[in-house]
Amino acid sequence: MATSRPAVITLTALAPVSWGTTYAVTTEFLPADRPLFTGLVRALPAGLLLLALARVLPRGAWWWKAAVLGALNIGAFFPLLFLSAYRLPGGMAAVVGSAGPLFVAGLAALLLGQRPTRRTLLTGAVAAFGVSLVVLRAAGALDALGLLAALAATVSMSAGTVLTQRWGRPEGVGPLALTGWQLTAGGLLIAPLAFLVEGAPPALDGRAVGGYLYLAVANTAIAYWLWFRGIGRLTATQVTFLGPLSPLTAAVVGWVALGQALTPVQLAGMALAFGATVAGQIGPRRKAVAPRTLAPEGAVGPSPSRRGSGPGAYVSAAPGPRR
């Protein structure tokens, strides 16, 4: 059944909105200073769950394609984002991440032949500026390693978004299976790093278990499923213009749930960023068709079910110490 374009945009937008809640969940429910373990718990169980539901494995070239996409979208992105969040002041990591539409526009021109318009570039710059007003606070000198990590995280996710659209999906494979492949591959990449750097898993109480369940199911499995589903139905630029909704949601959650005040400047920044996000969805229409599939590298097994889940990548973009 065909889905209308506004409905596709709305459902895809739920992914970055969900990712914007990660900051509050991390700070209020999870053990402190375990970013790699948190990334592992978010990715690998969700990936294995989706694999069990879809019952479809990669075949042929899709073994390495799934590994590349999993590394870009999950395995490299999560650790780089956490590293930048710990080394950069305030919301600087969120500001760098909000430049994603500009990176995607450039990569889409190279890999997809989608030439960026002046309107796209201007809208991307406005979105980044709006996010900076919301999350950026005065601080000391920037850490070079943290800044490089934030840039690398943004480029990694942008490249994953563009390649996901370029490669499409094998014939007979839905977004549920594709999401499961990437989360599993990314989780397996994070696992040895987490145990090597952070050691044994921490002791977990009921609040932490509940927080990790939320991250693994709603914030990772379902959110990433919606994200990759949207990539198959929208342009890469349209999808990435939804990214600023993550830091904006984090700011709203911090204001509503954590008692963090919002200044007039921050409210103005939210209006600018949200306006740019909406403007980024207005462009040449694409036909509302089923996501592109590729043959003959079809996956083995029955067709995937409709159920799915997958957490977002943003640790935090709220006006606080971590993004």
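Predicted model: local features only at pLDDT ≥ 70, side-chain atom pairs only at ≥ 80, totals over all residues.
Residues are numbered from 1 along each chain as its sequence is written, and side-chain values use heavy atoms, with hydrogens and water left out.

The chain contains 15 helices and 3 strands, taken as DSSP runs numbered from the N terminus (helices: H or I, at least four residues; strands: E, at least two). Of its 323 residues, 55% count as buried; buried denotes under 20% relative accessible area, exposed over 50%, and partly exposed the range in between, with a 1.4 Å probe and protein chains only. Among contacts (heavy atoms within 4.5 Å) between residues at least 6 apart in sequence, 92% join residues at least 24 apart.

Helix α1 (residues 5–19) packs against helix α12 (residues 221–231) at an angle of about 140°, their axes lying 8 Å apart. Axes are lines fitted to C-alpha atoms, for helices over the stretch in contact, and angles run from 0 to 180 degrees between N-to-C directions. The arrangement of α1 and α12 is therefore oblique, the class left after roughly parallel (under 35 degrees), roughly antiparallel (over 145) and roughly perpendicular (65 to 115). Residues of α1 in the contact include Leu-11, Ala-15 and Trp-19, and those of α12 include Tyr-224, Trp-227 and Arg-229.

Buried residues of α14 include Leu-245, Pro-247, Leu-248 and Gly-254. Just after α14, Gly-259 adopts a positive phi of about 70°.

Thr-38, located in helix α3 (residues 35–54), is buried because its relative accessibility is 3%. Leaving aside neighbours within four places in sequence, Thr-38 contacts Leu-30, Phe-82, Tyr-212 and Leu-215.

Leu-83 belongs to helix α5 (residues 77–87) and, at 33% relative accessibility, counts as partly exposed. Residues up to four places away in sequence not being counted, Leu-83 touches Leu-145 and Ala-149. The C-alpha atoms of Leu-83 and Leu-36 are 9.3 Å apart, with a separation of 47 residues in sequence.
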